[in-house]
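Welcome! Please take a moment to look over the sequence and the 3D view, and then read on for a short tour.

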Amino acid sequence: MFLIRDVYFQRIDRINSPRKSLESQGITVLSRKHNNNINIFNLYHPPNNQKLDLNALEGLFTNATVLIGDLNAKHPAWGCALENNRGQDLENLSNDKAFLFLNNGTHTYRSHSYNTTDALDLTISSPDLFPYCSWKVVDYVGKKPKRTASEEPITENLENEWFVFKHSIFTAAEGAVPRGKHKKTRPAFTNDSQDLQKLLAKREHLLQSHNLNDNTDARIELNKINAEIKREYCSIKQSNWQDLCKSLDYKTPNTRLWRLAKNLTKYNHRWKIQILSLVSMELPL
């Protein structure tokens, strides 16, 4: 993922690769004062038997570019104990394009199955950016939380490790992703409906009192309850949309109407037709 804060950027379309294994994300960080834009590509290739798509990757090796990610490519040049064909291909391509690896040999991956480590997460920079780059592996993304369990090595306790990982991600996201001022919104699923609450309670009781794997009648009953919940939910949504459109008239600000029009893309075609019909009836052309 990219965590972006206080920068202008544009999304780069996914690279055109006939091999479906290669995944990519890309952004261009736009310079405000000078034309010094920087391309950043985040890449992943699973550990299968397929080779790297060098034709697709070659197009990414341009000026002012940083490549990051896990291609499951192994080579001693960036700290791996072994070398595979994918690593050799990536090393040759980087040398041909004069790109430089920022990795310092620190391992970034640990196998719980074999209790081994390796350097799989790579950062490759174009030569014009290399003098301005630094690279290191940090133990925690954000402030280390207080651990309630005994102080044992993190890799020996999966529950403790998950706690640290989740806390680190949430802390980093809160500090890095701008949220701005926002109003508390009502959940889309309207749980305050009494009829809906009764159906939800009935479904919960059914799930707790029966083993659905061995009870055909219970599964049929569950399907019926789910269908009733969907119908009730659709009815509530329809009523909410009707109330919203009734509040619109010729005095409604254009900004509000525009926000409503953009939000229509979040709903299916049937709701679009209904809302457009209601708006046309309420507003004079």
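Here is a briefing on the chain, grouped by topic.

Please keep in mind that this is a predicted model. The chain has 285 residues, and 29% of them count as buried. Its secondary structure comprises 7 helices and 8 strands.

**Overall picture**

- Among contacts with a separation of 6 or more, 56% are between residues 24 or more positions apart.

- An open sheet is built from 6 strands, and its order is β1-β2-β3-β4-β8-β5 with mixed pairing.
- Strands β3 (residues 38-44) and β4 (residues 65-70) run parallel and are joined by 6 bridges.
- Across this pairing, N42 stands opposite I68 in β4.

**A closer look at T65**

- T65 is a residue of strand β4.
- T65 counts as buried because its relative accessibility is 0%.
- Beyond its neighbours within four places in sequence, T65 is in contact with several residues, including N39, F41, L60, F99 and I124.
- The T65 side chain also reaches the backbone oxygen of N63, at 3.2 Å.

**Salt bridges**

- Side chains of opposite charge can pair when their charged atoms come close.
- The whole structure contains 4 salt bridges.
- One of them joins the side chains of E58 and K97 (3.3 Å, N to O).
- E58 belongs to helix α1 (residues 54-58) and K97 to the loop between α2 (85-96) and β5, so this pair ties together parts that are 39 residues apart in sequence.
- E58 is partly exposed at 37% relative accessible area, and K97 is partly exposed at 29%.
- Another salt bridge links the side chains of K74 and D118 (3.7 Å, N to O).
- K74 sits in the loop between β4 and α2 while D118 is in strand β7 (residues 116-118), so the pair ties together parts that are 44 residues apart in sequence.
- K74 is partly exposed, with a relative accessible area of 29%, whereas D118 is buried at 11%.
- R5 and D6 also meet through their side chains in a salt bridge (3.8 Å, N to O).
- R5 counts as partly exposed at 48% relative accessibility, while D6 is exposed at 63%.

**A nonpolar patch on the surface**

- W162, F165, I169 and F170 make up a nonpolar surface patch, and together they have about 440 Å² of accessible area.
- F170 lies in helix α3 (residues 158-176).

Note on methods:
Residues are numbered from 1 along each chain as its sequence is written. This is a predicted model: local features need pLDDT of at least 70, side-chain atom pairs count only at pLDDT 80 or more; totals for chains, interfaces and linings use all residues. Side-chain values use heavy atoms; hydrogens and water are left out. Helices (H or I, at least four residues) and strands (E, at least two) are DSSP runs, numbered from the N terminus. Buried means under 20% relative accessible area, exposed over 50%, partly exposed in between (1.4 Å probe, protein chains only). Contact means heavy atoms within 4.5 Å. Patches are made of residues with over 30% relative accessible area and no salt bridge: like charges are joined within 9 Å, nonpolar side chains (Val, Leu, Ile, Met, Phe, Trp, Tyr) within 5 Å. Accessible areas come from the Shrake-Rupley method with a 1.4 Å probe; for residues, only the protein chains shown count as cover. Two strands pair if DSSP finds at least two bridges between them. A polar contact is a pair of N or O atoms within 3.5 Å; within protein, one must be able to donate a hydrogen and the other to accept it, and residues adjacent in sequence count only if both atoms are side-chain atoms.
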